[in-house]
Amino acid sequence: MQKATFLALIRLADDHLILGHRLSEWCGHAPMLEEDLAMPNIALDLIGQARALYSYAGEIEAAGRDEDALAFGRIEREYQNLLICELENGDFAQTMLRQFYFASFMLLLWEQAQSSSNTTVAAIAAKAVKEAKYHRRHCGEWVIRLGDGTDESASRMQAACTVLEPYLAEFFHVDDVVLEMSENSILPDPLSLRAAWLADICEVLEVAKIAPPDLSHAHKGGRKGRHTEAMGHLLAKLQYMQRSFPNMKW
Amino acid sequence: MINTQEIQLWEVFIRPRNGLAHRHCGSLHAADAEMALQAARDVYTRRGEGLSIWVIPSAQIVASDPQDRDQMFDPADDKIYRHPSFYEIPDDVGHM
């Protein structure tokens, strides 16, 4: 039970750290100043959520690893984030669409997790649910404006939808860890969120005049530590400081 | 990617606490009202500065002309009797 809880927390933490890191790459490069603040705001929310999850995972593991050790001190195969989180940003449309998919999914998951039988998980969820709600709103509005915008923005949003499509079904990956979490009411089974998530994203995509994605084909492997080519490059940057100066403090 | 020439300017007003008035705090570019509200939240309330936001298209604000300063504001300079400084205000009245 402790082992499954540890793994479930690590997976969520990895999703948030890796996606937060990707989003932070936009800092200083956004198409307008307002968005140059909005995107790092969201990235910092995600990394904050990752910190809470890593810290608690470290407590549960009770092997002396703190949040930094877990975030920066593991090898690639030990990261269990969804593949969609590690993909390169692409253009602004692809970044916003990925962020919207993720926020919509996490909002549903955190809402359920607020009534977790584990009080720490419930507390993390209660804080995160407010942040996810805003991420979903902000990114959803961009999806609509780009999808139903100019010819160029619409074609970019449609292209983003095609690129991300094969990575969506992994959200609903089920294995022993997931089942143990849902049987003990610690975290919801993601498969139980699938219908609500599809309804949510299809509603926004319809307004955006973007054809809904086909979830029948899926790249998988993130939850088992098998990553895309992009992951090694990402970790090289993410881990650089701790690898060069182990246990450094700011 | 975005042609900022076509994105309009908005004025942002933040109300820091209940009971206080909204105060002008700056401006930003946004394509429409919803995005302006979100941009205002992201640019001006990151450190907990606000409980409420107003955004107003800058073009909708009617402003006095700086060249009219003489006729608009100078006549008020010597009307000292308009200040309530000649009255005793009872303590019970409190802040006026």
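Hi everyone. Two residues are in contact here if their C-beta atoms, placed from the backbone, lie within 7 Å. Please keep in mind that this is a predicted model.

With that in hand, let's look at where the two chains meet. Chain B brings 14 residues to the contact, and chain A brings 10 residues. Which elements of chain B each supply at least two residues of the side that touches chain A? They are β2, residues 23-30, and α1, residues 33-44. Of the elements on that side, α1(B) gives the most, with 6 residues.

Strands of a sheet pair through backbone hydrogen bonds, either parallel or antiparallel. In chain B, 3 strands make an open sheet, ordered β2-β1-β3, with antiparallel pairing. β2 and β3 (52-57) of chain B are the edge strands, each pairing on one side only. Neighbouring strands in this sheet are turned against each other by 30 degrees on average, direction ignored.

If you zoom in on one of these pairings, β1(B), residues 8-15, is joined to β2(B) by 7 bridges, and the two run antiparallel. Within that pairing you can find E11(B), with S27(B) of β2(B) standing opposite.

And where does the helix sit relative to the sheet? In chain B, α1 lies across β1, β2 and β3, and α1(B) runs at about 120 degrees to β2(B). So that's the tour: we have come back to α1(B), the element that gives the most to the side of chain B touching chain A. Thanks, everyone!

Definitions and conventions:
Residues numbered from 1 in each chain as written. Chains lettered and ligands numbered in written order. Predicted model: local features only at pLDDT ≥ 70, side-chain atom pairs only at ≥ 80, totals over all residues. Helix = DSSP H or I, 4+ residues; strand = E, 2+ residues; numbered from the N terminus. Pairing = 2+ DSSP bridges. Axes fitted to C-alpha atoms, helices over the stretch in contact; angles between N-to-C directions.
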